[in-house]
Amino acid sequence: MAGDKATIRDCGFSGQILDFVYDELAGSGKAAFEGHLSQCSSCAEDVADLSSTSMAVRHWRAEEFEPLGALGFELPRSLAPRPSLAASILAFFRQPLYAATVATLLIGAAIGLYFLLGSRTQSQPAIATTDSPVRVETQAPKAVLPIDEPEPPVQRDTDEQIAATETKVPTPIRRSRAQRVKSRRPTGNSNDRIQDQTVASNGSRVRVAPEDLFGEVAETRDRSLRLTDLFAEDDED
Amino acid sequence: MLRNLSDEQLVELAVRDDPEAFGEIVRRWERKIFALCFGMLGREDEARDAAQEAFINAYRSISRFRGDAKVSSWLHRIAVNQCLTVKRRQKSRSEEYLSEDDEAESRVFVASPAGSPKNIAEKGERLRLVRQAVGALPQELREVIVMKEFEEMTFQEIAETLELPLSTVKSRLYTALKQLKMKLERLQVEVV
């Protein structure tokens, strides 16, 4: 058996066995192989085995497959390509009549828009440079705090502090007109001139009404009236 | 007009949403793909379904066909993959069901009115065993023998379709036929 295999390998025709079985050898090659088969028993045996097996498969094909009808394949409608929106639009514009109509409409619309915008520009005042309305923002003045300094924490006064503050508030005292005029006249002291200015907790000066005016304010709640009264008193003097 | 175009040109048209072009591809290849599926699966109904499914898959993936391979290679690859999918599904079925199925097929052959009952029964049994032996071959060997015997392709066409060297194709076919002969002898099928 080993010798047979060696013969198959060494005969030089083993690569042509299948070509011969399936009739794919050219004329001269086929004749040469047929001549070899009469001399090489191994190749002849191989050809017989392969041919008989091939015949069995072909027989199966002839008996069971050949009588079958065509596949009759039809592409399912669900798989049939549907034209996209862009393709539909392009197909629409491929028709010259529709394309010309749409082009005319577009040109007409452009001309109309041009005249409409021109008339609107003429009717507007010369100052107006844009059609957009000017936005006027009315904002409440915001408190400006120093950038570097943190916002002072809100301190909630205790009941005792509130009571102490209330005691410091001068009680309106009804004084005579002469006393009031005397206190209004400058005494030459520089401190008196800025008596209506006190230093706030943050270091800035805050204008504060003189102390003797509180009584008047408390009574009248109207500063202008109080000043009128003062000028009237000066006139009397 | 479409009949004059090559497979590659038809694919190009089909990619541009031309179902008629794909229909022409189907008309050219349906018989071979059907034969391939029949040889791979051994049953008409399964082969028919697999071939149809293969064409549907081909149509779905036609936009991904780059043209590097031949259209025939591409279709064959899709069909072989579909057959393998069907085979995997078959494996998931129970062995009992398969044996009952085979017995039912044998009864169909026996009940056929043509010829003498004894001859018909013997022929049917022999065909069933050949089918069974081919189906038991490894996939790469079965693929080659089916392409050669059912589709009647040349060695060169098989090599181009499978993108294999010619020597590999011949070697596989030789091995396939030898293994098939051994299986048939084991099954006591009289090989003519």
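The model is predicted, so please hear every value as computed from it.

I'll start with the interface. Chain B puts 44 residues into the contact, and chain A puts in 32 residues. How much area is buried between chain B and chain A? About 3,800 Å², with carbon and sulfur atoms giving 67% of that. On the chain B side, the residues that lose the most area to chain A are R31(B), E149(B) and F150(B); together they make up 17% of what that side buries.

Which elements of chain B give two or more residues to the side that touches chain A? They are α2 (19–41), α3 (44–60), α6 (117–135), α7 (139–149) and α9 (166–186). Of these, α2(B) gives the most, with nine residues. By residue class, that side of chain B divides into 25 nonpolar, four polar and 15 charged.

Last, the serine. S72(B) lies in helix α4 of chain B, residues 71–92. Is S72(B) buried or exposed? Its relative accessibility is 8%, and the cut-off for buried is under 20%, so S72(B) counts as buried. Leaving out residues up to four places away in sequence, S72(B) touches W29(B) and T161(B).

Methods: Residues numbered from 1 in each chain as written. Chains lettered and ligands numbered in written order. Predicted model: local features only at pLDDT ≥ 70, side-chain atom pairs only at ≥ 80, totals over all residues. Heavy atoms only, no water. Contact = heavy atoms within 4.5 Å. Buried area = accessible area lost by both parts, 1.4 Å probe. Helix = DSSP H or I, 4+ residues; strand = E, 2+ residues; numbered from the N terminus. Nonpolar A, V, L, I, M, F, W, Y, C, P; charged D, E, K, R; others polar. Buried < 20%, exposed > 50% of the residue type's maximum accessible area, 1.4 Å probe, protein only.
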